[in-house]
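We will go from stop to stop, with something to select at each one.

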Amino acid sequence: MQKLAIQGGAPLRGEVRISGAKNAALPIMCASLLTADTLHLTNLPDLHDVGTMRKLLLQMGITAEVAPNEITFNGGKVENWEAPYDMVKTMRAAILVLGPLVARFGDAKVSLPGGCAIGSRPVDLHIKGLQAMGAEIAIEHGYIHAKAKRLQGARIFFDIVSVTGTENLMMAAALADGVTVLENAAREPEVVDLADCLRAMGAQISGDGTDTVTITGVKALHGATHRIMPDRIESGTFLVAAAATGGSITLRETRADILETVLEKLSEAGAKIKVEGDSIHLEMSGRPKAINVRTAPHPAFPTDMQAQFMALNCIAEGSAMVVETIFENRFMHVQELRRLGAQIEVEGNTSVVKGVTHLEGATVMATDLRASACLVIAGLVAQGETVIDRIYHLDRGYEHIESKLSQLGANIRRIK
Ligand code: UD1
């Protein structure tokens, strides 16, 4: 199993290009199932999850021409409507094939995802939404089997805001008969990016980015070209790493408008931030101030940035409270941070972090994607060497992370 070894202490300095967003790329790749035509995607990040999704789509009969950071899908010959357990268990986002398959082919068989490290993460809202649109759904042998002659437009209210739930139903509704209204829909920028791609394919969607999305179904979608939006979580991760190490970095090809709460929190911590077009510059001098964080659906503070801010708070001046309201088990990084000398108390969904003047390098284990990013940040500030085990989580969501960090002056290497 591969590991990362980091010699901490070097402030991050320089420029880094931000990659395309994983959480936009995965649903948008599934949109290729909605058309018999060609979908050309650019700014596609080179990530393990993107590879897994491509493999799943190819297995269904989609054809793909691959170029660096680009892909051209063709959905003219899809003949297998099944997403097997082996793929869904490694990448929950595989559930995103369900809506497109049942909408276009009237039949889909997708494995239930099962649990994951950060919580139980059910998909009941995806299923209820499709049922409201007239799909007949049976759960058999661990699989969701959905059938429908043609989905019918419906009014669907989400009890809990769900990002992939909103995306799945938006794709299904694009080919349904009549109007679908999604209420209490997710407002995440990745939902808007998917809607932009679907509109380019001929879908009629409005209200994306608000909590009410209206989709008027059309008979067929056509081909399109779409550029994947920049990754706001990768952007935020580099900014926090620079702030934690007392560095000065510039992110290129990103967007400040999708990072508002994160930038606000970083300013509160004492960072100086300047936005110029698609660049964000951050400069930090001195020790960061501890900052309270409470995760909630967009536009509030993202759960995918909680672990990274926890790392920042570990070495901050003062104490901070970190509250996780989205996932029930997303403090797995706490025990690992304690191994580096962090002082953190956990009570239910709340962590209290008391900043210490320094962390000390140790061997730690990554438990999920964003927890891994948190450990990298902690390793970058810790004195001496930190070795992070199980970094395959990191490769699922961060493109070329060690080369990007090395380029910024970090002393980091991969042990194969
Ligand atoms: C997406 C993101 C993930 C991010 C999360 C929250 C992708 C590929 N992944 O995950 O990085 O951490 O949003 O911002 O975009 N829930 C239900 N029933 C459902 C669906 C969800 O109870 O049918 C619950 C979940 O257990 C969780 C909450 O709703 O507590 C939000 O989950 P959701 O927004 O669906 O997360 P994902 O879309 O899986």
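In what sense do strand E19 (residues 319-323) and strand E21 (residues 350-354) pair, and over how many bridges? Select both: the pairing is antiparallel, over five bridges. Helices (H or I, at least four residues) and strands (E, at least two) are DSSP runs numbered from the N terminus, and two strands pair if DSSP finds at least two bridges between them.

Before going on, a word on the ground rules. This is a predicted model, in which local features need pLDDT of at least 70 and side-chain atom pairs count only at pLDDT 80 or more, while totals for chains, interfaces and linings use all residues. Residues are numbered from 1 along each chain as its sequence is written, and side-chain values use heavy atoms, with hydrogens and water left out.

**The sheet**

Stay with E21 and pick Ala320, whose bridge partner in E21 is Val353.

Zoom out to see an open sheet of four strands in the order E18-E19-E21-E20, with mixed pairing. Its edge strands are strand E18 (293-294) and E20, each pairing on one side only.

**The ligand**

Next, select the ligand and the residues around it. There are 17 of them, and those that come nearest are Asp124, Ser162, Thr164, Asp304 and Ile326; a residue is near if one of its heavy atoms lies within 4 Å.

Now look at polar contacts, meaning pairs of N or O atoms within 3.5 Å. A side-chain N or O atom of Asp124 is 2.7 Å from a nitrogen atom of the ligand. At Leu125, a polar backbone atom is 2.7 Å from an oxygen atom of the ligand. At Ile326, a backbone N or O atom lies 2.6 Å from a ligand oxygen atom. Taken alone, the ligand exposes 740 Å², of which the protein buries 88% (Shrake-Rupley areas, 1.4 Å probe).

Colour helix H5 (124-132) and helix H6 (163-174): these are the elements that give two or more residues to the shell around the ligand. H5 gives the most, with three residues.

**Helix H8**

Select residues 232-244, which form helix H8. How far apart are its end C-alpha atoms? They are 18 Å apart, in agreement with the 18 Å that 13 residues should span at 1.5 Å a residue; the expected span is 1.5 Å times one less than the number of residues. Of its 13 residues, 13 are buried, where buried means under 20% relative accessible area (1.4 Å probe, protein chains only).

At the start of H8, show the side chain of Asp231: one of its oxygens reaches to within 2.9 Å of the backbone nitrogen of Ile233. Just after the helix, Gly246 takes a positive phi of about 70°.

**The cysteines**

For the last stop, show the cysteine sulfurs. How many disulfides are there? The count is zero, taking a disulfide as a pair of cysteine sulfur atoms within 2.5 Å. Cys197 has its closest cysteine sulfur in Cys30, 11 Å away and so too far for a bond. Cys374 is in no disulfide either, and the nearest cysteine sulfur, that of Cys314, is 6.8 Å away. Cys197 counts as buried, at 0% relative accessibility, and Cys374 counts as buried at 0% too.

Notes
Buried means under 20% relative accessible area, exposed over 50%, partly exposed in between (1.4 Å probe, protein chains only). A polar contact is a pair of N or O atoms within 3.5 Å; within protein, one must be able to donate a hydrogen and the other to accept it, and residues adjacent in sequence count only if both atoms are side-chain atoms.
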